[in-house]
Amino acid sequence: DVAQPLAVMSLLWLGKWSVAVIAAMVLMPSLAAAQATPPNGGPRVDGALTDALNRQPKERAAAIIQIVPGGETAVQKRLAALGRKITGQFANIRGIGTQLNRAELAALVADPAVAHVSLDAPVHAHALIGADSLMTLDLVRADLGSVAKAVTGNGVGVAILDQGISGGIPDIKGQVAAFYDFTQGGKSVQAYDDYGHGTHIAATIASSGQQNAYLYQGIAPKARLIGLKVLDKNGSGSTSAVIAALQFATTNKAALGIDIINLSFHH
């Protein structure tokens with residue numbers, strides 16, 4: 001199974017920068033652990049995937065296959081023999097995406113080149129609406145235990161995996177250095193947000209506060225923002241899109257100046 005810490009990642013960037021970098025590295029511990037060979041020597045299967053296929057035995061479910069070192073060609077040939085297309089490739093976890101029914105899953109489980117098969121599960125953003133969602137800068141700092149009020153984030157790059165960042169908000173417009181849409185294959189586009197959650201997160205991090213007399217200034221108002229859109233207009237996305245965005249962020253961290261990865265949604 002992929003791990004659960006996605007819901008708490010948004011809290012970790014607000015501490016020391018080094019803590020935030022470590023937090024990004026521990027996003028999916030069970031995905032990394034799944035690469036190890038199980039005690040019985042056979043592959044591991046995500047219970048959520050088998051449950052999904054049991055509920056709809058005649059249907060296929062989106063899946064992520066992790067492969068043992070050197071087994072990539074064998075698994076690709078097996079998928080081709082089954083008539084299944086590869087929907088994504090994730091070198092960071094030695095995995096590929098596809099769609100499987102129960103019989104196809106059974107064939108993969110029997111293949112020694114397969115380390116683990118898991119459900120390409122949905123991810124979701126959760127938005128607070130109303131007075132409880134409005135917090136001043138001092139309240140945010142107190143809630144998260146941050147006392148470094150002089151910290152501005154100047155020169156620090158924060159990649160935000162979320163639903164987008166609005167390009168028309170003056171408070172954060174100047175901070176958006178790059179934007180890539182992983183609901184459209186990861187292509188570079190002009191920053192946008194068709195749901196609002198990502199802009200809320202971006203403003204919490206780096207809003208200048210100029211639109212509200214600096215009452216709701218972000219924690220790090222001079223940070224650079226790199227938007228990686230993984231959630232659609234309904235605030236929903238897939239595990240595979242998140243993995244693809246993480247792979248892109250880590251591969252291009254030097255080119256884009258990414259120091260921190262922020263995720264504020266649940267799996």
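A: Val45 has Val117 of strand E5 as its bridge partner, and strands E1 and E5 (residues 114–119) pair in the parallel sense over two bridges. This is a predicted model, in which local features need pLDDT of at least 70 and side-chain atom pairs count only at pLDDT 80 or more, while totals for chains, interfaces and linings use all residues. Residues are numbered from 1 along each chain as its sequence is written, and side-chain values use heavy atoms, with hydrogens and water left out. Strands (E, at least two residues) and helices (H or I, at least four) are DSSP runs numbered from the N terminus, and two strands pair if DSSP finds at least two bridges between them.

The open sheet holds five strands in the order E1-E5-E2-E4-E3, with mixed pairing. Strands E1 (44–45) and E3 (88–90) stand at its edges with a single partner strand each, so one side of each is left without a neighbour in the sheet. Helix H10 (residues 239–251) lies across strand E2 (61–67) and E3, running at about 50 degrees to E3; contact means heavy atoms within 4.5 Å, and the angle, on a scale from 0 to 180 degrees, is taken between N-to-C directions of axes fitted to C-alpha atoms, for helices over the stretch in contact.

Gly70 lies in the loop between E2 and helix H5 (72–82), and at 71% relative accessibility Gly70 counts as exposed (over 50%, with buried under 20% and partly exposed in between, for a 1.4 Å probe and protein chains only). The C-alpha atoms of Gly70 and Arg94, 24 residues apart along the chain, are separated by 9.9 Å.
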